[in-house]
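Reader: I'd like to walk through a model with you, one question at a time. Can you show me what we're looking at?

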Amino acid sequence: MYAFSPLPPQRNGLADYIVEYLGPLARDFDLHLVAESGTTAAVQAHFDDFYRGKSPFSVISESMFAARQPDPGARMLYNLGNNGDCGYMLDYLHRYPGVVMLHDVSLFYLHQIMLQSQRANGLMGSWIEDEGFTVPDYFLHPDGSLARSPGLLYQECLMVRRVVASASSLIVHSRYAKQRVLGAMHGAMHPVELQAKVALIPHFVLPPSAPAATQEAATLARYRLRSTDYVLVCPGFLTGNKMLY
């Protein structure tokens, strides 16, 4: 049996849901979890840790699944909801019919996401082709598939390429950002010239200063906290459809 679903460590209720079924399914079937491209290693590591290296099922990539088909004896299971993490399985669902656990009768959000992705990828993918852009190896997964959709690839490469080409110098704040910039400029500038143009300067962090006792008391009172309470500070945004672990 091949099972398609959001999978741990994705922070997704559907991933939590399918985990409850995996043990019983593995007792009755030769079970293979088909992880979304780019997540296979993380999913495998999660279950290796959970089962201490003795998982009763295997985790395979989309490319591995495609290499095994058509398999006349294969059974398919799809754990589908109105959720963007389910987008990868839609094409398989129609090509390889099977059992679908449908969690939402309305799939409007998923439909919107797929349409937007289709439009962006179709449009920006053609722009990438027109530019004759060669994708560097580290923008690909080990199986050769794109690590970014054509839409994101265009935004991260060709749009950034124009920005870098126009800038006299460029500052980024992480090694990750620098790698993406270097990838976007692959083949467009001499490597030495490019390295000289991009500066990695981490975000600064000011040393903490002890607040005055009156300020501390006022802050605790404002948020109805005790001096012994632990406070978790989350910089950025929390959205209503994400669970904070």
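This is a predicted model: local features need pLDDT of at least 70, side-chain atom pairs count only at pLDDT 80 or more; totals for chains, interfaces and linings use all residues.

Author: Residues are numbered from 1 along each chain as its sequence is written, and side-chain values use heavy atoms, with hydrogens and water left out.

Reader: How many helices and strands are there in the chain?
Author: Helices (H or I, at least four residues) and strands (E, at least two) are DSSP runs, numbered from the N terminus. On that count, the chain has 9 helices and 7 strands.

Reader: How far apart are the end C-alpha atoms of helix α1?
Author: The expected span of a helix is 1.5 Å times one less than its number of residues. Helix α1 has 16 residues (13-28), so it should span 22 Å; the distance found agrees with that, at 24 Å.

Reader: Where in α1 does the kink lie?
Author: The bend at a residue is the angle between axes fitted to the seven residues ending there and the seven starting there. In α1 a kink of about 40 degrees comes shortly before the proline Pro-24, at Leu-22.

Reader: Which residue caps the N-terminal end of α1?
Author: Look for a side-chain oxygen 2.8 Å from the backbone nitrogen of Leu-14. That oxygen belongs to Asn-12.

Reader: How many of the residues of β4 are buried?
Author: Buried means under 20% relative accessible area, exposed over 50%, partly exposed in between (1.4 Å probe, protein chains only). Both faces of β4 are covered, with Met-76, Tyr-78 and Leu-80 on one side and Leu-77 and Asn-79 on the other. The strand is largely enclosed by the rest of the structure, because the buried count is 5 of the 5.

Reader: Which residue in β5 is the bridge partner of Asn-79?
Author: Two strands pair if DSSP finds at least two bridges between them. β4 and β5 run parallel, joined by 4 bridges. In β5, the partner of Asn-79 is Met-101.

Reader: Is Ser-61 buried or exposed, and what is its relative accessible area?
Author: Ser-61 sits in the loop between β3 (58-60) and α3 (62-68). Leaving aside neighbours within four places in sequence, Ser-61 is in contact (heavy atoms within 4.5 Å) with Val-34, Ala-35, Thr-40 and Asp-143. Ser-61 is buried, with a relative accessible area of 15%.

Definitions and conventions. A polar contact is a pair of N or O atoms within 3.5 Å; within protein, one must be able to donate a hydrogen and the other to accept it, and residues adjacent in sequence count only if both atoms are side-chain atoms.
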